[in-house]
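Student: I would like to learn how to read a protein model feature by feature. Could we begin with the general idea each time and then turn to the case at hand?

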Amino acid sequence: QVQLVESGGGLVQAGGSLRLSCAASGRTFSSYAMGWFRQAPGKEREFVGAISSSGSNTYYANSVKGRFTISRDNAKNTVYLQMNSLKPEDTAIYYCATMTSYLSRRGDAWGQGTQVTVSS
């Protein structure tokens, strides 16, 4: 079972950038597609984006396409979410998750989340 720990959240002004990290334990990290999800107050958790196990393919929600970039370093068991041009509506708890397919929009094992707050 992979365990996931997110970090890098914080408070940023609109238009700013943040990079989230998700560190995974276990030897099988490179076999998993990985995804980022978020949950804003009072809303359901939603898909943000995902990356294939090799890192060759990515897939994003329309709301973040062109602003967010997912990457991974399998040697470091880490997946990243680079967030640029942040908007107040990006405020949420961000979670990483393992996925069976980077196209599934569905997570399996989850981290504890990291808070991102974007001020206007």
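Tutor: Let us start with burial, for which a residue counts as buried when its relative accessible area is under 20%, as exposed when that area is over 50%, and as partly exposed in between. Please keep in mind throughout that this is a predicted model.

Student: With those cut-offs, is Y95 buried or exposed?

Tutor: Y95 has a relative accessible area of 12%, which lies under the 20% limit, and therefore Y95 is buried. W110, by contrast, has a relative accessible area of 30% and is therefore partly exposed.

Student: Which residues have the most contacts inside the largest nonpolar core?

Tutor: The largest nonpolar core has 34 residues, and those with the most contacts inside it are W36, F68, V79, L81, M83 and Y94. At least two residues of this core come from each of several strands, among them strand 3 (18-24), strand 4 (33-39), strand 8 (78-83) and strand 10 (114-119). Strand 9 gives the most, with five residues.

Student: How many aromatic pairs does a search of the whole structure find?

Tutor: The search finds four aromatic pairs. To read one, look at the distance between the ring centres and at the angle between the planes, where an angle over 60 degrees counts as edge-to-face. F37 and F47 are such an edge-to-face pair, with 5.6 Å from centre to centre and 70° between the planes. This pair links distant parts of the chain, since F37 lies in strand 4 and F47 in strand 5, ten residues apart. F37 is buried at 4% relative accessibility, and F47 is buried at 7%.

Student: Why is the pair of Y95 and W110 edge-to-face?

Tutor: The ring centres of Y95 and W110 are 6.4 Å apart and their planes stand at 85°, so this pair is edge-to-face. Because Y95 lies in strand 9 while W110 lies in the loop between strand 9 and strand 10, the pair ties together parts that are 15 residues apart in sequence.

Student: Where does the charged end of R45 sit?

Tutor: The charged end of R45 sits over the ring of W110, 3.6 Å from its centre. R45 also lies over the face of Y95, at 5.1 Å from that ring centre.

Student: How should I read a sheet, and what is the order of the strands in the open sheet here?

Tutor: In general, the strands of a sheet pair through backbone hydrogen bonds, either parallel or antiparallel. Here four strands form an open sheet in the order 1-3-8-7, and the pairing is antiparallel. Strand 1 (4-7) and strand 7 stand at the edges with a single partner strand each, so one side of each is left without a neighbour in the sheet. Neighbouring strands of this sheet are turned by 15° against each other on average, with direction ignored.

Student: How many bridges join strand 7 to strand 8?

Tutor: Six bridges join these two strands, strand 7 and strand 8, which run antiparallel. As a detail to look for, T69 stands opposite Q82 in strand 8.

Student: What is a disulfide, and which residues form one?

Tutor: A disulfide is a covalent bond between the sulfur atoms of two cysteines. In this model the count comes to one disulfide, formed by C22 and C96 with their sulfur atoms 2.0 Å apart. The link of C22 and C96 is right-handed, with 55° about the S-S bond. C22 lies in strand 3 and C96 in strand 9, 74 residues apart, and so the pair links distant parts of the chain. Both C22 and C96 are buried.

Student: Which phi value does S85 have?

Tutor: Phi of S85 is near 50°, a positive value in a residue other than glycine. S85 is found in the loop between strand 8 and strand 9, and at 41% relative accessibility S85 counts as partly exposed. R105, in the loop between strand 9 and strand 10, has a phi near 60°, and with a relative accessible area of 41% R105 is partly exposed.

Notes
Residues numbered from 1 in each chain as written. Predicted model: local features only at pLDDT ≥ 70, side-chain atom pairs only at ≥ 80, totals over all residues. Heavy atoms only, no water. Core = buried A, V, L, I, M, F, W, Y, C linked by side-chain atoms within 4.5 Å. Buried < 20%, exposed > 50% of the residue type's maximum accessible area, 1.4 Å probe, protein only. Phe/Tyr/Trp six-rings, centres within 6.5 Å; stacked < 30°, edge-to-face > 60°. Lys NZ or Arg CZ within 6 Å of the ring centre and 35° of its normal. Pairing = 2+ DSSP bridges. Axes fitted to C-alpha atoms, helices over the stretch in contact; angles between N-to-C directions. Disulfide = S-S within 2.5 Å.
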